[in-house]
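Welcome! Please take a moment with the sequence and the 3D view before reading on.

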Amino acid sequence: MPDRQRADARRNYARILAVAEDEVAAHGAGASLEQIARTAGVGSATVRRHFPTRRALLEAVSRERIEALCVRADDLTGKGDSRNALLEWLSDLVAYCVSARGLAAALAYEGAEPDSVHENTCSAKMEQAGEPLLRRAVRDGAVTPDVTVADLITLIVGIVLATEHHPDPAAAADRLFQLSVAGLSPQR
């Protein structure tokens, strides 16, 4: 929210965001925008003025977690085994997405255009943060060169969304993530 906004607009933004965080935590990415407006004490037009799309709202709700994951990627870059560093970051991403309902939806790609991720979205930030980890793992021969961070984020989003209603979503998501890393063939 820009500082040049009126004080009441800044207050509305902060109140809407706080309510949205609670609603998304309770109901996931499908949280009712109308309920958010009612609870925040504003009209639905005010919510839509601040957050013109559901994605914009989810991105704002997820901003702190995205920033923490970006910092984590930076911390892991250049440390230890490149494959382990990449997998540790991806495992953190799985855990964050499971614990923060709505984060997987904020990372999901939408639209038919091949370049539907715009600058400053959650996905773009995550791709930028994960790129050094992936590049290093590819350079070390730990990951095939045709894998992209976008591929990895898409895989994680799919796992998290598929396990969202499981009795133990964290365990189910982690198991599927580990399975995707190990592959289907027995180790020899």
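## About the model

This is a predicted model, in which local features need pLDDT of at least 70 and side-chain atom pairs count only at pLDDT 80 or more, while totals for chains, interfaces and linings use all residues. Residues are numbered from 1 along each chain as its sequence is written, and side-chain values use heavy atoms, with hydrogens and water left out.

## Helix 5

Let's start with helix 5, which has 18 residues and reaches 26 Å from its first C-alpha to its last, close to the 26 Å expected at 1.5 Å a residue (the expected span is 1.5 Å times one less than the number of residues). Helices are DSSP runs of H or I with at least four residues, numbered from the N terminus.

Among the buried residues of helix 5 are Trp 89, Leu 90 and Cys 97, where buried means under 20% relative accessible area with a 1.4 Å probe, protein chains only. The cover over the buried residues of helix 5 includes helix 4 (54-76) and helix 7 (122-139).

## Leu 103

Leu 103 lies in helix 6. Leu 103 is buried, with a relative accessible area of 1%. Leaving aside neighbours within four places in sequence, Leu 103 is in contact with residues including Ile 66, Leu 69 and Cys 97; contact means heavy atoms within 4.5 Å.

Leu 103 and Leu 161 are 58 residues apart in sequence and 10.0 Å apart in space, C-alpha to C-alpha.

Technical notes. Helix = DSSP H or I, 4+ residues; strand = E, 2+ residues; numbered from the N terminus. Buried < 20%, exposed > 50% of the residue type's maximum accessible area, 1.4 Å probe, protein only.
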